[in-house]
Every structure is written in structure tokens, then in C-alpha cells.
Amino acid sequence: MSKSAPVRTPTDLTSSVAGGIGASPQRPDGNLKVRGEFAYASDLWHEDMIWGATLRSPHPYARIRSIDITEALKVPGVYAVLTHSDVPGKNLYGLEHPDQPVLAVDVVRYQGEPVALVGADHPETARRAMERIAVDYEVLEPVVDMEDAAHGRGTPLHPGGNLVRHVPIRHGDQQVTAEVVVTGEYEVGMQDQAFLGPESGLAVPGEDGGIDLYVATQWLHVDQKQVAQALGLPLDKVRLTLSGVGGAFGGREDLSMQVHASLLALHTGKPVKMVYNRLESFYGHVHRHPAKLYYEHGADRDGRLVYVKCRIYLDGGAYASSTPAVVANAATLGVGPYDVPNATVDCWGVYTNNPPCGAMRGFGAVQAGFAYESQMDKLAAAVGLDPVEVRIRNAMHEGSLMPTGQVVDSAAPVAELLRRVKDKPLPPVNRTEPVDIREMPGGASNTTHGEGVVRGIGYAVGIKNVCFSEGYDDFSTARVRVQVIGGELSALAHTAACEVGQGLVTIMQQIVRTELGVERVTIAPMDTTIGNGGSTSASRQTYVTGGAVRSACQTVRGRLFELAARKLGVDAVGLSLHGGKLVSDLHGVLADLVDVLGDDVVDETVEWRHRATESLDPVTGQGNAHVQYGFAAHRAVVDVDVELGLVKVVELDCAQDVGKALNPEAVLGQIQGGSAQGLGLAVMEEIQTSGGKIRNPSFTDYLIPTVLDMPPMSIDVLELADPHAPYGIRGVGEPPTISSTPAIVAAIRAATGLALTRAPVRPEHITGT
Amino acid sequence: MRVNVTINGDQRQADDVWEGESLLYMLRERLGLPGSKNACEQGECGSCTVYLDDVPVCACLVAAGQCQGREVRTVEGLAAGDDLDPVQRSFVEAGAVQCGFCTPGLVVAAHDLLRRVPEPSDPEIREALAGNLCRCTGYEKILDAVRLAATRQASGAEAR
């Protein structure tokens with residue numbers, strides 16, 4: 001029996017819009033997206049498919065005494081009800097430590113942990129069946145305090161205790177003292193990625209006993225490995241194809257429905273579709289680690305830093321996910337983009353019964369950034385300096401030493417970025433009648449015409465590492481094929497690197513056009529028939545997959561020159577490609593590439609790696625752990641209604657160095673979007689928990705910025721090439737998310753005179769009520 | 001139950017519709033029109049915005065059965081064949097599309113705005129799109145797209 005293919009699976013992106021690197025061509029998937037025809041993972045459909053659903057724990061911490069599925073199986077339309085005993089392979093998975101069960105066995109460690117699965121003919125049937133699964137829980141007292149967890153207090157939730165990782169950094173003189181000392185304690189709330197396309201996918205059982213999985217993810221090959229282990233299948237029987245991804249921001253690095261849908265498909269022999277709704281999505285992916293941070297900055301009377309001491313706690317929740325790497329980032333970037341001669345940093349990531357936390361845009365650098373930038377403002381006040389001046393006096397530059405001992409060996413224009421945002425014109429004050437209330441805090445709700453409204457200005461700058469760190473073998477695989485199709489020169493680029501909305505597909509086309517002079521470039525669907533593309537995270541895909549595509553093009557070009565040399569009898573040295581023509585340094589245009597190629601096909605696959613990094617010394621935290629550093633600075637202007645505690649961000653300006661803007665418009669899009677997420681963390685976004693339970697798992701209660709909340713932005717993009725990176729690029733996506741939050745909170749402090757040590761700032765923090 | 005509904009000008013029929021199903025589910029899962037998006041399914045994000053009898057609604061908040069005998073126009077019904085609607089074209093050209101999951105709802109909402117207010121001010125655009133969440137773009141290029149579409153429609157109208 002041959003299985004029919006699913007409907008609305010990914011297709012080649014062929015839309016051909018001219019433009020090499022440095023131009024801003026339109027997205028090849030843009031027309032499909034505006035027409036509503038782009039195939040997202042939740043749009044998949046298959047003849048004869050059934051729906052999968054997940055029963056989740058209502059308790060943050062409980063022992064499972066028994067699970068009775070008898071009544072659920074009796075519901076008409078139900079095909080399967082599965083529990084942990086139906087997991088054929090290893091019932092543990094995880095990005096760095098396999099510690100998370102596919103389905104809970106005898107204990108649940110967070111509210112929302114998957115316990116059982118139902119496959120049914122309709123989502124409503126599945127829901128009704130789930131109501132009839134009887135799980136007998138012995139509810140336990142949850143562990144919710146991250147500092148207790150870090151220091152061995154409270155119930156151990158995993159065999160090794162509750163400490164996931166501690167990273168110490170000892171840099172310079174540990175006994176040094178300073179004339180001016182400022183201290184602070186800070187908190188950062190749990191932020192959600194809130195990507196709009198919910199976790200979704202379709203699993204189709206294969207004739208060979210394997211599985212074809214169509215999903216929205218950030219890393220196909222790491223999913224493949226984890227799914228195969230859980231299913232007890234060899235890798236080649238687990239085939240993944242990337243479906244349309246509706247945003248990611250780190251929230252799709254961990255598995256969600258991948259194994260669950262596959263289990264149901266293999267068990268029932270039917271294609272299984274799973275789509276989370278928004279409520280389930282809040283339980284279905286990891287979040288940004290909430291943090292508690294203790295800082296002490298020592299400086300001389302001129303505001304020059306003498307030392308920084310800090311202790312950072314990150315709550316990883318029930319399972320490790322990427323907590324170890326987040327801890328390393330928060331620690332190594334913990335003093336910010338400053339020359340700090342002496343540093344004592346300790347960062348702990350822990351297990352608790354709070355929701356699991358892992359990757360989100362900024363990845364550890366965000367939490368530290370809020371604290372060290374708040375400290376720099378305190379230091380400015382203590383020494384009587386302007387907040388920008390104190391930052392510029394301490395600004396890191398190329399050649400500076402990180403607290404890890406790593407030399408920053410490409411552009412680090414921290415002072416320049418700060419000067420640029422400071423020198424921008426300020427927006428006018430909206431106080432003269434008639435006031436446009438839509439531009440006031442509270443907006444059209446008509447809460448003020450300017451009474452009680454105070455303006456404030458704040459600054460911040462941040463640092464983020466780009467690519468995978470600490471000795472990880474971080475590479476990408478790209479295949480480029482050139483041939484003549486219908487008399488026209490055509491190229492195809494194929495990788496497994498996930499397009500999640502950021503525009504990698506556009507960048508890949510641009511690189512091929514620039515390297516090969518071929519206008520018609522098709523992007524093949526991303527899947528596991530090709531080698532690992534690495535993760536779409538750490539601002540790394542343009543760097544690493546871009547590097548791989550460029551490298552594959554260079555190999556293809558060499559092959560084309562060999563072909564030309566053989567066919568035309570010329571020397572392969574001194575040849576180049578321009579606009580589909582083969583050009584010789586000495587003789588000018590030699591031939592059309594179409595004629596040189598004829599029926600030949602040149603098809604090359606390469607793996608490409610960035611330069612190697614080192615692990616951190618476990619005692620001193622020393623080591624060349626990072627590949628590249630990215631920097632951005634923000635200035636925020638806010639109006640605060642101090643009577644109601646409402647904040648209107650009036651303007652949010654940014655300067656960022658991107659090395660080389662391969663696609664300048666896409667760079668702006670990343671800076672605008674990243675800044676908006678930072679704005680969300682500053683004034684509204686927090687998953688609020690109580691006793692380990694999420695209080696606001698909906699877009700009604702978890703607020704993300706709307707078009708009314710996000711102000712106009714003036715953006716300066718610097719292009720100071722990194723000689724170590726392809727085309728000189730510097731990862732773009734994350735730096736703007738780091739400095740946006742502290743700049744806005746600094747502006748609110750400037751307006752109100754309040755200390756405001758916690759992000760997000762809530763109205764009651766301003767009104768004191 | 002059976003639902004008869006006109007969608008993008010075509011008479012359509014859906015059978016075996018469960019009474020609790022939304023218009024969004026019927027469109028996406030029964031009628032092969034997944035363009036309207038399922039981002040929150042609770043009326044907060046606007047990603048499923050469609051016209052119901054020419055009035056924009058969140059398709060997730062409308063019961064499928066409520067659409068019996070009525071007219072629905074979805075994002076799939078905005079373009080004339082290969083010719084994109086000016087709003088659609090402007091979204092692509094202005095770089096207002098990243099992941100694109102919010103795009104169908106925003107395109108319909110912007111389309112509706114420009115029918116009512118051909119030359120909207122920025123505050124008017126912001127109010128009109130305040131019910132549509134986007135997580136990727138920070139909205140700047142969406143504003144650019146709506147301004148561009150307004151200009152384009154104005155010049156198109158003059159040409160006629």
C-alpha cells in the first residue's frame with residue numbers, strides 16, 4: 001500500500017527577484033505569505049489523518065500513583081490513548097542533558113508536563129477523551145525558590161540535585177577595593193517568546209516502519225536525533241521536513257509535539273496532526289529564565305570601573321533544556337561591554353518546579369544586561385556624571401579583554417554607538433493644547449490630557465555573543481547546484497537550516513547571485529535529506545549557513561571554471577563569472593555560462609565551520625569561549641503618567657554594528673523586532689507564576705506590544721567588518737533585544753525618580769499602590 | 001450539521017460540522033482555506049481576521065453555524081488572480097512580512113481601513129491595527145506598508 005502525500009507541505013521557493021548581497025530584494029516567500037498561501041505547520045493536512053492531543057499535569061509537582069485510560073478508550077472516534085509505557089525507545093530527551101520524559105512516568109515536575117496522548121477523529125473528541133483519563137496524583141510541595149535550589153536547600157528534583165550549572169569567573173585582583181561603590185539587587189521576570197504560529201505538525205507513518213515528520217522547528221537535525229532515540233528507530237527512519245514556521249525566538253529549540261505525534265502515528269498507522277492552541281502553547285515550550293541578580297560595582301572618583309562583583313541566579317524550571325549554555329552567557333557577558341580590570345562573577349542555573357526555561361532571543365545576556373546597565377546609571381549618579389559619559393569612559397573597544405581573558409579581536413564600537421543615539425534629535429513634548437490623547441500614556445482610553453505626565457530619557461548598551469560557544473563543533477551544510485533549465489541558467493540552494501521568518505531564504509538567494517552571477521535561484525525545502533544546518537539561534541544562520549552557502553558556491557565556481565577550461569581550452573586561472581557570462585581577466589567575455597554548461601550539472605555539497613572556540617576553565621572561567629561579539633545601544637524616551645502608573649514609550653532609537661548588512665532592510669526589521677521584544681520585557685511581558693502555576697497563559701493576560709505600544713525608531717546601522725566572518729558580517733538578531741529593556745526602564749526611572757529594580761515595570765511599581 | 005456559506009464569491013458547503021466549531025476551523029480544516037491563521041483562537045491577536053458580510057471579524061470568535069447563508073471574504077479572496085491587492089503588494093515591498101503568521105489578518109485589517117479611510121494619518125493606522133499582534137517586525141514596516149498602499153491606491157484612483 002502506498003501512502004499518499006500530505007497536502008500543503010513545503011515547496012521550492014522560486015520567486016525570482018534580482019539582488020545580491022548588500023541589496024534588499026523581496027522575500028521569495030513574500031507573495032505566498034500575503035496571499036495566505038504559505039504552508040505553515042498548522043496548515044498541513046492529510047487524507048485520513050487523525051488529531052493528536054496531550055493530557056498535561058495540572059500540578060507543578062506530584063507523584064503519579066496510577067493512570068487509568070479505560071474510559072477514554074471507550075469514547076467513539078478515539079484511535080489510541082498512550083502513556084509512558086508506549087514509548088518504545090528512551091523515554092528521556094533534552095537539548096544538553098536528556099532529563100525530560102516524553103511522557104511522565106511516576107512523577108510530574110511542572111504544571112503542563114505531558115502525561116498521556118490521545119489520537120482521535122476530531123480535536124473535540126480528543127478533548128473529551130482526555131477528560132476521561134483518570135490520573136491519580138499525590139500532590140507534593142513544589143520547589144520554587146531559585147536561590148534555595150542553587151545552594152542545596154529544598155527537595156532535590158533530579159538525581160544530581162537542583163543545581164544544573166554554576167559558572168564562576170575570576171578575573172584580575174579578587175581583593176581590590178574602590179573609592180566609589182554602588183550595589184543593587186535586580187529581578188527579571190519570565191518572558192515568553194510568544195511566537196504567533198503555535199506548535200504544530202504532522203507525522204506520517206512510513207511503509208518502512210519509519211516516520212515522516214513535518215514540523216516547525218529551529219533545528220531539524222537535533223530534533224531528528226531526539227525523536228529517533230525516543231522512538232527507538234535508526235536516524236534514517238526519522239525524516240524531518242521543515243513546514244512553515246510562524247516565528248520562533250528560541251521557543252522552538254526544544255521538542256514539543258514531535259515525538260508525541262510520531263508515537264500516535266506509529267501506533268495507529270495513521271497520519272497524525274497536532275496543533276496547540278495558545279493556552280497549550282504557554283505550557284508547550286520553554287521560556288526566558290527569570291533571574292535574580294546581585295551586583296556591586298567599584299569605581300574611582302572619575303567613574304572608571306575598578307571592579308565588578310556579581311551573583312546571578314537563573315531559574316531553569318523543571319528540566320535542563322539549554323540552561324547550561326544560558327548560564328555561561330550570563331556569566332561571560334555579565335559585566336557588559338565595558339573594560340573591567342577585575343571581575344568576580346558567579347552564575348547559577350537551577351531546577352525548580354516552575355515552568356521549564358531555555359532559549360529566548362538574547363539568551364542569558366538579556367538578564368545580565370538589565371542589571372549591569374541599571375548599575376551603570378547608579379554609578380553615573382554616584383560620581384555625578386551623565387549616564388552616557390560614564391558608559392563611554394568605560395566602553396570596551398577592539399583589543400579589550402573580556403573577563404574570560406578573551407581578547408575582543410574585531411570592531412567593538414561601544415562608545416560610538418552610545419554617541420550616535422545620544423546625538424539624535426529628541427521628539428517634541430506633546431503638552432500644548434490641543435493634546436492628542438492617542439500619544440499620551442493610556443492612549444484613546446482618555447486617561448490623561450497631560451496631567452501627571454512626566455517625560456524621561458534613558459540609555460543602555462549591550463553585548464551578545466554570536467554563534468555557538470565553549471568549543472562546540474558549530475557548522476552548517478549547504479548544497480548548491482547549477483544547471484541549465486529551459487535554456488536559462490538556474491541555481492538551487494539546499495540546506496537544513498531553518499527559516500523561521502528572519503529571511504534566511506532571501507540571504508541564501510542573495511549570496512548565490514553574488515557568488516555565481518546566476519539570477520534565477522531556487523531555495524529547496526529544508527529537510528534532513530541533507531546534512532546538519534545547525535540551529536537557527538545565537539544569531540548564527542547568516543554567519544554559518546551563509547558561510548556554507550558561500551563556500552559551496554566557491555566550490556561550484558571552481559568546477560565551472562574547470563569545465564570551461566576543458567571545453568573552451570583556456571586556462572582556469574583568471575576566470576570569473578558576471579551576469580551569467582564567463583569572463584577572463586585577459587580576454588574579457590569568453591562565453592555564456594549556459595553554453596559552457598550545456599547538459600552538464602554542477603552540484604556540490606560542503607560543510608562549513610566558523611573558527612574554533614574553547615571551553616571555560618571550570619574554576620576560573622577563563623577561555624576563548626566565544627566566536628564573535630555583537631553590540632547595540634538604545635535611547636528611550638518615555639512619558640509616564642505617575643498617577644496611574646502608565647507608560648508610553650515615545651521614541652526608541654538604536655545604533656548597532658552589523659559588520660556588513662547583507663540585506664539592509666532585513667537588518668532594520670531585526671532591529672525593530674528585537675527592540676519591540678525588549679520593550680515588552682520592560683513594561684508588560686511576564687509569565688506570572690504562583691506556587692509553580694502559570695497565572696496568565698493567554699494573550700488576554702500575557703501582553704505583548706501592539707502597534708500602539710511600539711514607538712517610531714530612528715536606527716543607525718554601522719558596518720565595521722569582522723575580518724573573521726563571511727563578508728565581515730556580525731550577527732544581528734539578538735543585540736537589540738538586550739539594550740532596549742534597560743534603556744526604557746532607565747527612562748522611567750529618570751521620569752519618576754524611582755529605583756525600579758525589576759523588569760517588567762508594572763503600574764503599581766510606579767504608583768506605589 | 002451542514003453549513004452553506006458564500007466564500008470569496010463561491011457557494012460552499014461543509015458537512016458534519018460540530019456545533020462548537022468556529023468559522024476559523026471550518027475555513028481551515030473543512031474548506032481548504034488555511035490562509036486565516038490560528039495564532040490565539042481567543043480573539044486577541046487578529047490573525048484570523050476575515051470579512052463576514054463585509055464587516056471584519058475574528059473568525060475564531062464566530063461559530064461556523066452563524067455563517068449559514070452569509071458571505072465570507074478571506075485573505076485568499078483579496079487578490080485578483082495573479083494580481084495582488086495593493087495592500088498585499090505593499091506588505092511584500094515594504095518588508096512588512098517576516099514569519100508572516102500575522103500577515104493575513106493584518107492585510108485584511110489594513111484593507112478594511114483603507115476602504116473606510118483612504119488617506120489615514122499614522123495615529124489612525126495605529127488605532128485601526130491595534131487588534132492585530134505581530135511578534136517579528138516591531139510594526140515599523142507594517143506602518144510603512146499601509147502608508148505605501150494608501151499612496152498607491154490614491155494614485156491609482158487618480159489614474160482612473
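Reader: Which residue of chain B forms a salt bridge with A:Asp43, and how far apart are the closest N and O atoms?

Author: A salt bridge is counted when a side-chain nitrogen of Lys or Arg lies within 4 Å of a carboxyl oxygen of Asp or Glu. Here the partner of A:Asp43 is B:Lys37, with the closest N and O atoms 3.2 Å apart. This is a predicted model, in which local features need pLDDT of at least 70 and side-chain atom pairs count only at pLDDT 80 or more, while totals for chains, interfaces and linings use all residues. Residues are numbered from 1 along each chain as its sequence is written, chains are lettered from A and ligands numbered from 1 in the order in which they are written, and side-chain values use heavy atoms, with hydrogens and water left out.

Reader: What area is buried between chain B and chain A?

Author: The size of an interface is often given as the accessible area lost when the parts come together. Buried area is taken with a 1.4 Å probe and summed over both parts; between chain B and chain A it is about 4600 Å², of which carbon and sulfur atoms give 56%. Contact means heavy atoms within 4.5 Å, and by that rule 52 residues of chain B are in contact with 65 residues of chain A.

Reader: How many residue pairs are in polar contact between chain B and chain A?

Author: A polar contact is a pair of N or O atoms within 3.5 Å, where within protein one must be able to donate a hydrogen and the other to accept it, and residues adjacent in sequence count only if both atoms are side-chain atoms. Between chain B and chain A there are 26 such residue pairs, both residues being at pLDDT 80 or more. Among the elements that give two or more residues to the side of chain B that touches chain A are helix 1 (23–30) and helix 5 (140–159) of chain B.

Reader: Into which domains is chain A divided?

Author: Domain bounds come from an automatic or database domain assignment, and chain A is divided into domain 1 (42–140 + 198–245 + 252–284), domain 2 (287–469 + 615–767) and domain 3 (475–609). The centres of domain 1 and domain 3 of chain A, taken over C-alpha atoms, are separated by 39 Å, and their contact takes 13 residues from domain 1 and 15 residues from domain 3.

Reader: What area is buried between domain 1 of chain A and domain 3 of chain A, and how many salt bridges does the rule find there?

Author: The area buried between these two domains is about 1100 Å², with 59% given by carbon and sulfur atoms. A:Gln218, A:Trp219 and A:His221 supply 46% of the area that domain 1 of chain A buries against domain 3 of chain A, more than any other three residues. Across this interface the rule finds zero salt bridges, whereas seven residue pairs are in polar contact.

Methods:
Helix = DSSP H or I, 4+ residues; strand = E, 2+ residues; numbered from the N terminus.
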